[in-house]
Amino acid sequence: MHRPFKTQYEQDLRLFRAPSAKIWYGLLIVILLALPQFAGEFYVGELGGLFIFAIAGVGLMLLTGYTGLVSLGHSAFLGIGAYTEAILLARGWPFAVTLPAAAIVTAAAGIAIGVPTLRMTGLYLAIATLAFGGIISNVLQKWDSVTGGFDGFPVKAPSVLGVVLDGPWAVYYMSLVALVFVILLALNVLRSPLGRAMVAIRDSEVSAQSMGINLAWYKTIVFALSAGITGLAGGLFAHYVRHLAPDAFDVLLSIQLVTIVFVGGLGSLHGAIFGAMFMRLLPQGIAMIRDDLPNWLGRMPGLEPSVFGIILVLCIMFEPMGINGRWQKMKLWFNRFPLHRASASRRQKSYAKSERLR
Amino acid sequence: MDDVARLLQLVVNGAASGCIYGLIAFGFVLIYKATEMVNFAQGEIMMLGGFAAYTFIHQFGLNYWVGFGLAIAATAAFGFLLDAVILRRVIGQPQFAVVMLTLGLAFIFRAAAGIVWTYDSVGFNTPFTNKTVNLGGLVLGQDNVSIIIGTLILCLVLYLFFSRTRLGVAMQAASQNQLAAYYMGIPVRRIFSLIWAISAGVSAVAAVLLAPVSLIDVNMGMLGFKAFAAAVLGGFGSIPGAVIGGVIVGVVEQLSGYFLPPGFQDVTSNIVLLGVLILRPQGLFGATIRKRV
Amino acid sequence: MSLFSATDLGIRFGGIRAVEGVSFDVRPGEVFSIIGPNGAGKTTIFNLISRIYNPTSGRLNFNGQDITETPPHLIAGLGIARTFQNIELFANATLLQNLLIGRHCHSKVGLLSQLGFLPSVRRAEVEHRKVAEEVIAFLGLQRHRDSLIANLPYGVRKVVELGRALCTEPKLLLLDEPSSGLNVEETEEMAFWIDDIKKDLGITVIMVEHDMKLVSAVSDRVMALNYGRILAMGTAAEVQSDPEVIRAYIGGEP
């Protein structure tokens, strides 16, 4: 792999490692900005949804991929963000306030679940957040007077300076801006002491503590940050679905979000984006090829979840680094062509390592 | 008197559904103790066991007890293969990878059951369906009583198996110290597959016992999430703890449905789970432990 | 005036007295070694000093300050750094990142300025990198700077852990079995570094070690433990010839 020759400390602190990256990402932004001019309404809407899941993916990636805290309850944060946004808009608050409010309220909810679970790790945290997600989705269903109960309620279209932001194009651009903002925020976190503290907590809590990292404080911060970003995604999600109902925020959504970070590749922001692409494009891809498949297969009702499950299982068995890991290997292959050696990316054999505490 | 009878009935009903949670939790804990894997597809394995019993008893028209036995055997064999073919390969990967793997398997199982059997709810006749017993004026459904008695018998059998048979003791040894067990000549890998087989078989028992009370459908695996509460309550490392934890969760759930406003019953297990994890993370029967450096 | 002192230190786990009635002083600028058979309570003393464990009795005093109740994450900021017996590095981060985490206790930038990566954060980051580069140069780790720890050999990881501890700019360094898992040359190299750390950097060292050759080569004073109690204290030669110590190692009735 190319390693840039470093002559200054600032080189490590840049947002883009190589000058060429700046050009590529700039080009990508231009394409994404221009895309709705050419793509149909349906695809613009779907891409908007993809951006929203990518935002939530980045939020969960900070918690799970970088800090090592697994949450199976992130649907709750998406739900809290969505309902905060929709309820405040319905009460006549301006959009410029409701969206940040959705993020802040959700961040507070993140602290509320983060603080009591501070001492839990791994499995126990996953189960605790799972239970938290179950409780929140029940609250959304049963708290009729505020959430509209099981039927939910339509989401009011936001307006900024008298312009009503309605339809898939509005969601597309709002989500794109939010996604770029969130990625920049995450990049800032990751190159700061906060980001290093997160990695330290992930890899060894005990030595992180001995290096002066206050575990309780940082875990709380990361929970708040992750929940806040997911809540922002939730606020946009409300506009994406346009009619909020509590059954959207069940445990399956949480599992989808974890799958995004896992299939995408833990511990990389690219992974969160790749994972969101996988999660949102897979159903579209299946729908597209469905008609071309033999009838018994194409008409099979469980086709989508089984393909989803099979890809997840294969990914864990054969590519634990996720799509991003595969991407890095492909880049390496092209960079070295034709001098590639298969052993260059061979994983070390892993042995059963006890995570039991005794 | 009516109130007392009503309460007793609730307790029995709760204990019955709690036994089901307990049996699923038993599966979690058995596998966790041995391999440190957490099987999020345990509820789905139970669902497959239920469908297997439906095939044998309803579709093939076999005798209930014969179908019961075959369903257990088929599900246990499935559990064995699941470990031998898939899960054995991910040993050494982080715990979370295994969680995701079993979540993926759960998706596959749900879809497969829908394709092979049906997405509708099905049921079959059991000797206990729609019958009641009268215990000194207290009228109880035989279905619920059969669940409790079935669970007790199963627990006794498993206790004898783990304490008295060579295989059972070997399993305990492999769970406590893989390396030492391996050096003592215990075929650890096969033992682990057998442990998966037992926990799958126990789930099948749970599914068949549950059959008189509730229908079988692809989503019945969601009960597995309630079983987490049972396992955590029991300390996640204790097998009797899991079953007792299950009964506690079941009873509390029934009572909260009776005493608390509607809506609370659905979240009881979650609240119990969260409460236990926050207040007493080692469970009711566990001890605190910490990493050594 | 001692830099560090433990007075009547004791801890019980359940019914087991892992450490009992241990008192010692460490003078500024010396290398103080703790030896003893397995299970003697050596690492437990380190865990007590870094406040991972709460002592059941006794006081800890560092640099004129009582640290018996200081929270563990503030210990590094006071000037006590440590390494671990079985290497507790951040395996999925680069060497440089590991060293920079060692700078954490000197990081004073606020949360919001980090989210915006304000110029103050940028300046602080450059300063931290300067210190980390000095440590890299001191330990000769240049060629591994951007490697993931998981890809480094064991011997190098051991040095990285030493480097990470040095990045905290400690006054007192706790080394838990610095030579375990190292070959003969690597152990000799470690002895040189410990000597350099003491002489050039003026850092006081407490070391838990089994390798008596390394202990004799670098230690000013040695304390021998058995079953959580002090057997002997003195120079390496004195302790090694102490009949109690010999008995503890070789066995036999006291």
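This is a predicted model: local features need pLDDT of at least 70, side-chain atom pairs count only at pLDDT 80 or more; totals for chains, interfaces and linings use all residues.
Two residues are in contact if their C-beta atoms, placed from the backbone, lie within 7 Å.

**Chain A: a helix pair**

Helix H2 (residues 41–66) and helix H10 (residues 215–241) of chain A cross at roughly 170 degrees, and their axes come within 8 Å. Angles over 145 degrees count as roughly antiparallel, and H2(A) and H10(A) are therefore roughly antiparallel to each other. H2(A) brings A:Gly48, A:Gly49, A:Ile52, A:Ile55, A:Ala56, A:Val58, A:Gly59, A:Leu60, A:Leu62 and A:Leu63 to the contact. Among the residues they meet in H10(A) are A:Val222, A:Phe223, A:Ile229, A:Leu236 and A:Tyr240. The contact has 16 nonpolar and five polar residues, with no charged ones.

**Chain B: fold and helix pair**

Chain B holds eleven helices and two strands. Along the sequence its pattern is α-α-α-α-β-β-α-α-α-α-α-α-α. Its C-alpha atoms fill a box of roughly 60 × 50 × 35 Å along the principal axes. A compact globule of 293 residues would have a radius of gyration near 19 Å; chain B has 19 Å, which agrees.

Helix H2 (residues 42–59) of chain B packs on helix H8 (residues 188–210) of chain B at about 60 degrees, with the axes 7 Å apart. H2(B) and H8(B) are therefore oblique to each other. The crossing of H2(B) with H8(B) is right-handed. From H2(B), the contact includes B:Gln42, B:Ile45, B:Gly49, B:Gly50 and B:Ala53. From H8(B) come B:Ala200, B:Ser203, B:Ala204, B:Ala206, B:Ala207 and B:Val208. By class, this contact has ten nonpolar, four polar and no charged residues.

| Helix pair | Angle between axes | Axis distance |
|---|---|---|
| H2(A) and H10(A) | roughly 170 degrees | within 8 Å |
| H2(B) and H8(B) | about 60 degrees | 7 Å |

**Where chains A and B meet**

Across this interface, 43 residues of chain A are in contact with 41 residues of chain B. On the chain A side, helix H5 (122–142), helix H11 (251–264) and helix H14 (303–318) each supply at least two residues. H5(A) gives the most, with 13 residues. The side of chain A that touches chain B has 29 nonpolar, eight polar and six charged residues.

**Chain C: two open sheets**

Four strands of chain C form an open antiparallel sheet in the order S2-S1-S4-S5. Its edge strands are S2 (16–26) and S5 (65–66). Strand S1 (residues 4–13) of chain C runs antiparallel to S2(C), and seven bridges join them. C:Phe4 has C:Val26 in S2(C) as its bridge partner. Helix H1 (residues 42–49) of chain C lies across S1, S2 and strand S4 (57–62), at about 70 degrees to S2(C).

Another open sheet of chain C has six strands in the order S6-S7-S8-S3-S9-S10, with mixed pairing. S6 (80–82) and S10 (229–234) of chain C are its edges. From one strand to the next, the twist averages 20 degrees. S6(C) pairs with strand S7 (residues 172–176) of chain C in the parallel sense, over three bridges. C:Ala81 stands opposite C:Leu173 in S7(C). Helix H10 (residues 243–250) of chain C packs on this sheet and touches strand S9 (221–226) and S10. The direction of H10(C) makes about 130 degrees with that of S10(C).

Terms used. Residues are numbered from 1 along each chain as its sequence is written. Chains are lettered from A and ligands numbered from 1 in the order in which they are written. Axes are lines fitted to C-alpha atoms, for helices over the stretch in contact, and angles run from 0 to 180 degrees between N-to-C directions. Angles under 35 degrees count as roughly parallel, over 145 as roughly antiparallel, 65 to 115 as roughly perpendicular and the rest as oblique. A crossing is left-handed if the near helix is turned anticlockwise from the far one by less than a right angle, and right-handed if clockwise. Ala, Val, Leu, Ile, Met, Phe, Trp, Tyr, Cys and Pro count as nonpolar, Asp, Glu, Lys and Arg as charged, and the others, Gly among them, as polar. Two strands pair if DSSP finds at least two bridges between them. The radius of gyration is taken over C-alpha atoms; the globule rule is 2.2 Å times the number of residues to the power 0.38.
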